[in-house]
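Colleague: I have a structure to go through with you today. Could you show it to me before we start?

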Amino acid sequence: MMRDNLRPDPPARTLRPAYMESYKEGFVEDTAGYIHSYDMAHVLMLGERGILPAETALGVLAGLREMDRLGMAECRRKAGGGNHAGEAWLTEHKGAAIGGAIGLARSSGDLSAISFRMYARHTLLELRKGLVELRAALVEFASRHVDHVLPGNTHGQHAQPITFALWAMMYNDALARDCARLGETIARANHSPAGAGIMSGTEFPIDRSRIAQLLGFDSVLTNTLDAALSHDLEMEFASTLNMLCYTLSRMAEDLFLWNTTEYDLITLPDWFIGISSMMPQKRNPDGLQDLRHLSTQAQATLTMVMGTERGPTGFPIIERRNSDRSLRQLARALGERLAILPDLLHDMEVKSARAESHANLYWASVTDLAGALVRQNRIDWRRAHGLVAGFVRDCIAKGQPPYEMSADDFNAYASRSGALKITLDEAVFTRALDARAFVSRRDTFGGPGPEAMDHAISQATSALAHERQALQALETTLAKAQENLLATVDTAVKGQRFV
């Protein structure tokens, strides 16, 4: 019987093993060093506890340190075996008795869980350091633009005058919350799952706390099933990065709008733009468009991570390799972009004169005109609001901008509207409509006024100094743990005994 020619040829049998092999975890640069440290900590503990014969444990540790001298990453990459590359290399170079010993009393689940937690705390720490430097750049930007007024917008319309300093400090405060979320995620990541096996631990009398201590963890995740098969950390990691990316994307959106030909409130530095291949005059905000897309990437990653973790306990295993890869790519991209944003804020030109002109052009200050009516004429706010709204509508209909109007014009409008006894003098009227004066009147805590802004900048500077100290302390703690691990291994190998 002739085969239907429309049906595709079946895949060659030789391709089938390759397809399945592709699902196995390969060498992962981001986590290889953490797995290597765990290999050492695990075997050191086994030797100290007498679970492995001293000669065998010391042989494994000597081999792992030899890998360090030869180039850990390259050794593991060439050895193959993914997370088990240490075992593969030791087996090839030191024999099966040494290589085979390293897997005692642990599982692939231990390797994946602990390496991800070590990766997460390190990566989140680096991102938090990058955020601190961005916030410092925002505070410095604010200090240069305390007196530079621009129109604030709601609903895409001019609302009230603000300052570039208030805008910058808004993002400092928003990113401070993102920093706090990163810190809380680091704290929850910094608990060791090692020793949980794949779900129920091991019959060997291991010391889970010793491994946690050697690797710089705060404590041990108690329940072995939870430690091995709960993956809320991946979801929290993705959620935290998603929120951070939304903050950064919103900042990029603001700058993108200000950079448009119609707004023209800023000029981006040459290194941050692209030039059209056809139109010589174009200065395309390529860097901002890339930053705007961060939130899209983060949302896609979060959706992937959350979708992966659906299902009964222990079912998602292979799928997680894809979502974790996406999560690492997002974290790497985010770190690269955080590194250049302080330079953008430093090099970007603010067109302060044009911005202030815009703030004075479209009636953004008339809230204070209504306030003046309340104070001087002792009428209720809603009546004052209605009078000012009618006056502004009348001026716009006649094509009369604020700078052409006077107190007499307003008083005449009030009289025509039936408010015969409501009047304003010229000085009050002029000052009420002035954007710079509007800002200076808002010196309440957290506002754009000069004194309030100086206080905010001072507080932020102090907070950043304390945060830098905390981050340095955590970084030092983790570095000392790694130094102590290596020193303990080297002492044991040199002395050929465990203390």
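Predicted model: local features only at pLDDT ≥ 70, side-chain atom pairs only at ≥ 80, totals over all residues.

Colleague: How many cavities of 30 Å³ or more does the search find?

Modeller: The search of the whole structure finds two. A cavity is a set of points on a 1 Å grid over the protein atoms alone where a 1.4 Å probe fits but cannot get out, and lining residues have an atom within 4 Å of a point. Grid points are joined across faces, edges and corners, and a volume is the space filled by probe spheres set on the points.

Colleague: Why use a probe at all?

Modeller: Rolling a probe the size of a water molecule over the atoms shows where empty space is left.

Colleague: How much space lies in the largest cavity, and what lines it?

Modeller: The largest cavity holds about 60 Å³ of space. Its lining consists of A113, F116, R117, A227, S230, H231, L233 and E234. Two elements, α7 (108–144) and α11 (232–259), each give two or more residues to this lining. Helix α7 provides the largest share, three residues. Helices (H or I, at least four residues) and strands (E, at least two) are DSSP runs, numbered from the N terminus.

Colleague: Which classes of residue are in that lining?

Modeller: The lining of the largest cavity has four nonpolar, two polar and two charged residues. Here Ala, Val, Leu, Ile, Met, Phe, Trp, Tyr, Cys and Pro count as nonpolar, Asp, Glu, Lys and Arg as charged, and the others, Gly among them, as polar.

Colleague: And the second largest cavity, what is it lined by?

Modeller: The second largest cavity, with about 60 Å³ of space, is lined by G26, F27, V28, T31, A32, I35, R76, G82, N83 and A85. Helix α2 (residues 29–48) gives the most to this lining, with three residues. By class, the lining of the second largest cavity has five nonpolar, four polar and one charged.

Colleague: Changing topic: which residues make the nonpolar surface patch?

Modeller: I198, M199 and L225 make a nonpolar patch of about 260 Å². Patches are made of residues with over 30% relative accessible area and no salt bridge, with like charges joined within 9 Å and nonpolar side chains (Val, Leu, Ile, Met, Phe, Trp, Tyr) within 5 Å. Accessible areas come from the Shrake-Rupley method with a 1.4 Å probe, and for residues only the protein chains shown count as cover.

Colleague: Is M199 buried, exposed or partly exposed?

Modeller: M199 is partly exposed, with a relative accessible area of 41%. Buried means under 20% relative accessible area, exposed over 50%, and partly exposed in between (1.4 Å probe, protein chains only). M199 lies in the loop between β3 (191–192) and α9 (208–214).

Colleague: How many salt bridges are there?

Modeller: The search of the whole structure finds 31 salt bridges. A salt bridge is a side-chain nitrogen of Lys or Arg within 4 Å of a carboxyl oxygen of Asp or Glu. One of them joins R128 and E467, whose closest N and O atoms are 3.1 Å apart. This pair links distant parts of the chain, with R128 in helix α7 and E467 in helix α21 (residues 450–495), 339 residues apart.

Colleague: Are R128 and E467 buried or exposed?

Modeller: R128 is buried, at 18% relative accessible area, and E467 is buried, at 12%.

Colleague: What does D394 pair with?

Modeller: D394 forms a salt bridge with K398, the closest N and O atoms being 3.2 Å apart. K398 and D394 are separated by about one helical turn because they are four residues apart in helix α17 (residues 381–398). D394 also meets R416 in a salt bridge (3.6 Å, N to O). That pair links distant parts of the chain, with R416 in helix α18 (residues 407–416) and D394 in helix α17, 22 residues apart.

Colleague: How exposed are K398, D394 and R416?

Modeller: K398 counts as exposed at 52% relative accessibility, and R416 is exposed at 56%. D394 counts as partly exposed at 23%.

Colleague: Last one: where is G386?

Modeller: G386 is in helix α17. G386 and N242 are 144 residues apart in sequence and 43 Å apart in space, C-alpha to C-alpha.

Technical notes
Residues numbered from 1 in each chain as written. Heavy atoms only, no water. 1 Å grid on protein atoms, 1.4 Å probe; cavity = no way out; pocket = protein on both sides within 12 Å on 5 of 7 lines; lining within 4 Å.
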